[in-house]
Amino acid sequence: MTEVQQATCLMLLLLVPLAMAGLALLNAALGRSHSAAHSMVAALCVISVAAVSFVVVGSRVGGAVAGWDFGEPTLDALAQLMALSLLALIPLSAGADRWRLGATCLATAIMAGLIFPLLTRSMVAPVGEGWLGSLGSRHGLGAGFLDLGAGRIQALGGIGALAVTWLLGPRRRKYAPDGAAIAIPGHNMVLAMSGCLVMVPGWIGLNGANALLFSPVRISLPLVGVNTMLAAAAAAGAAALLTRWRFGKTDASLTANGWVAGLVVSSAGCAFLSPSATLFCGAVAGILVVYSVEFLELKVGVDDPAGAISVHAVAGVWGLISLGFFMHQPGQMLAQLVGVATLLGLVLPVVYALNWCLDRVYRYRVEDDGERQGMDLYELGAGAYPEFVVHPDDARQ
Amino acid sequence: MRAAGLLLMLSGWALVFGAVQMLHGAVPRAAFVGAGLAVEALGLGLALSRQVAR
């Protein structure tokens with residue numbers, strides 16, 4: 001990599017915290033107002049814990065950054081650090097309003113220090129590495145499992161979110177005694193939409209830097225940027241139109257979810273796909289998210305306040321599979337399917353089992369009082385909006 | 001049900017892993033990977049069976 005490319009890569013990586021900020025804002029906005037400050041504090045805490053755990057333990061456990069000493073980190077290490085910090089934020093939204101701060105940090109430490117480095121190195125490593133990356137060279141499956149941006153990171157985050165919602169169970173009063181779902185709308189749609197917009201440069205930075213670092217072929221950075229933006233636009237548009245068609249009005253939170261799902265889809269193939277193919281993939285992601293959110297909430301009783309499972313796991317998996325459709329290389333689809341099978345069949349049970357053990361050691365779910373009061377008052381001692389929001393629950397205290 | 005589902009998913013992945021490692025023909029490999037994915041889907045379906053409302 002030339003010095004100019006290194007400088008470009010560094011600049012792109014420095015944009016990634018915007019994606020984290022956007023995701024943190026979205027998580028807080030789609031939760032309840034009496035847990036908003038808690039959500040933002042938890043975001044800062046998990047990013048901190050993820051960074052420290054990865055640098056101190058994870059990079060050595062997985063051999064992800066061989067010989068990395070603290071004085072001279074590589075761009076590869078920085079890219080993994082950024083991706084991991086983003087990954088750590090994903091399950092947060094699924095555990096909104098009920099996941100204790102200490103448990104959040106503990107789960108993140110294990111994820112960043114152990115699961116992520118082991119899995120990424122041995123199984124889900126970038127192009128050409130690990131068992132999946134070498135499917136092409138060793139087993140003749142296309143170019144091996146392809147994922148140039150961070151599709152695997154998104155899917156991992158979504159899988160973590162599913163494990164967390166299983167362990168935490170639904171929020172208080174989310175389901176009526178007869179099992180019917182009760183809507184608990186996000187508390188600040190302006191914040192949610194602002195988060196969506198803030199994310200875009202961060203995502204372009206993440207996709208661009210990963211493509212520069214890991215692509216075996218020459219890539220076009222403008223194409224990465226255009227594809228990232230196009231996927232988000234198509235997915236948000238599809239989600240907005242679909243909700244308008246189905247419910248008579250455009251649903252703001254599902255449109256926001258569609259936007260993020262588009263960004264997630266772009267992560268896998270932004271450097272490989274043509275803009276028209278990306279447009280199609282984004283639109284499908286927007287449609288998938290709407291149906292997936294509804295299915296999880298209404299049919300199987302999974303309470304995921306910000307739709308992290310649908311946005312990151314479902315759209316992430318679709319992004320990885322869609323590469324197989326559009327690469328037109330013999331065996332490529334099978335390679336992508338083997339990658340998805342690994343993420344679902346190996347990673348999900350492992351992540352769930354580890355979180356289950358942690359939950360037995362340090363309870364994940366806050367006490368009933370905490371849920372009644374709100375996480376802000378219960379765990380932080382002060383609310384995010386102390387002067388102008390009063391819940392009926394709070395008034396009864 | 002969830003534990004059974006997750007174990008079924010692991011079995012599905014073992015089938016996929018075995019197919020990639022041990023089979024060489026494109027058709028049998030694709031068939032076994034497909035079967036592994038089907039077992040995983042079944043496991044996911046079991047694991048996702050409705051939670052008790054709180």
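A residue is called buried when its relative accessible area is under 20%. The legends below describe close-up views of a predicted model.

**View 1. Helix α2 of chain A and its buried residues.** Helix α2(A) has 15 residues and reaches 22 Å from its first C-alpha to its last, close to the 21 Å expected at 1.5 Å a residue. Eleven of these 15 residues are buried, so α2(A) is largely enclosed by the rest of the structure. The buried residues are A:V16, A:A19, A:M20, A:G22, A:L23, A:A24, A:L26, A:N27, A:A28, A:A29 and A:L30. Their cover includes helices α1 (3-13), α3 (36-61), α4 (75-94), α9, α11 and α13 of chain A.

**View 2. The packing of helices α2 and α11 of chain A.** Helix α2 (residues 16-30) packs against helix α11 (residues 252-269) at an angle of about 155°, and their axes lie 12 Å apart. Because angles over 145 degrees count as roughly antiparallel, α2(A) and α11(A) are described as roughly antiparallel to each other. Their crossing is left-handed. On the side of α2(A), the contact is made by A:L23, A:L26 and A:L30; on the side of α11(A), by A:S253, A:A256, A:N257 and A:V260. Sorted by class, this contact of α2(A) with α11(A) has five nonpolar residues, two polar residues and no charged residues. An α-helix has 3.6 residues a turn, so residues three or four places apart point the same way.

**View 3. The packing of helices α1 and α4 of chain A.** Helices α1(A) and α4(A) pack at an angle of about 15°, with their axes 10 Å apart. This angle makes α1(A) roughly parallel to α4(A), because angles under 35 degrees count as roughly parallel. The crossing of α1(A) and α4(A) is left-handed. Helix α1(A) contributes A:Q6, A:C9, A:L10 and A:L13 to the contact, while α4(A) contributes A:L75, A:L78, A:A79 and A:M82. The residues of this contact of α1(A) with α4(A) divide into seven nonpolar, one polar and no charged. Both α1 and α4 are among the helices that cover the buried residues of α2(A).

**View 4. Glycine A:G324 in helix α13 of chain A.** Residue A:G324 is placed in helix α13 of chain A. With a relative accessible area of 10%, A:G324 is buried. Leaving aside its neighbours within four places in sequence, A:G324 is in contact with A:Q332, A:M333 and A:Q336. A:G324 and A:G269 are 55 residues apart in sequence, and their C-alpha atoms are 9.8 Å apart in space.

View 5. Residue A:R173 is in the loop between α8 (151-168) and α9 (189-214) of chain A. The phi of A:R173 is near 65°, a positive value in a residue other than glycine. A:R173 is partly exposed, with a relative accessible area of 45%. Residue A:H328 is found in the loop between α13 (308-326) and α14 (332-361) of chain A. The phi of A:H328 is near 50°, again a positive value in a residue other than glycine. A:H328 has a relative accessible area of 69% and is exposed.

Methods. Residues are numbered from 1 along each chain as its sequence is written. Chains are lettered from A and ligands numbered from 1 in the order in which they are written. This is a predicted model: local features need pLDDT of at least 70, side-chain atom pairs count only at pLDDT 80 or more; totals for chains, interfaces and linings use all residues. Side-chain values use heavy atoms; hydrogens and water are left out. Axes are lines fitted to C-alpha atoms, for helices over the stretch in contact, and angles run from 0 to 180 degrees between N-to-C directions. Helices (H or I, at least four residues) and strands (E, at least two) are DSSP runs, numbered from the N terminus. Angles under 35 degrees count as roughly parallel, over 145 as roughly antiparallel, 65 to 115 as roughly perpendicular and the rest as oblique. A crossing is left-handed if the near helix is turned anticlockwise from the far one by less than a right angle, and right-handed if clockwise. Contact means heavy atoms within 4.5 Å. Ala, Val, Leu, Ile, Met, Phe, Trp, Tyr, Cys and Pro count as nonpolar, Asp, Glu, Lys and Arg as charged, and the others, Gly among them, as polar. Buried means under 20% relative accessible area, exposed over 50%, partly exposed in between (1.4 Å probe, protein chains only). The expected span of a helix is 1.5 Å times one less than its number of residues.
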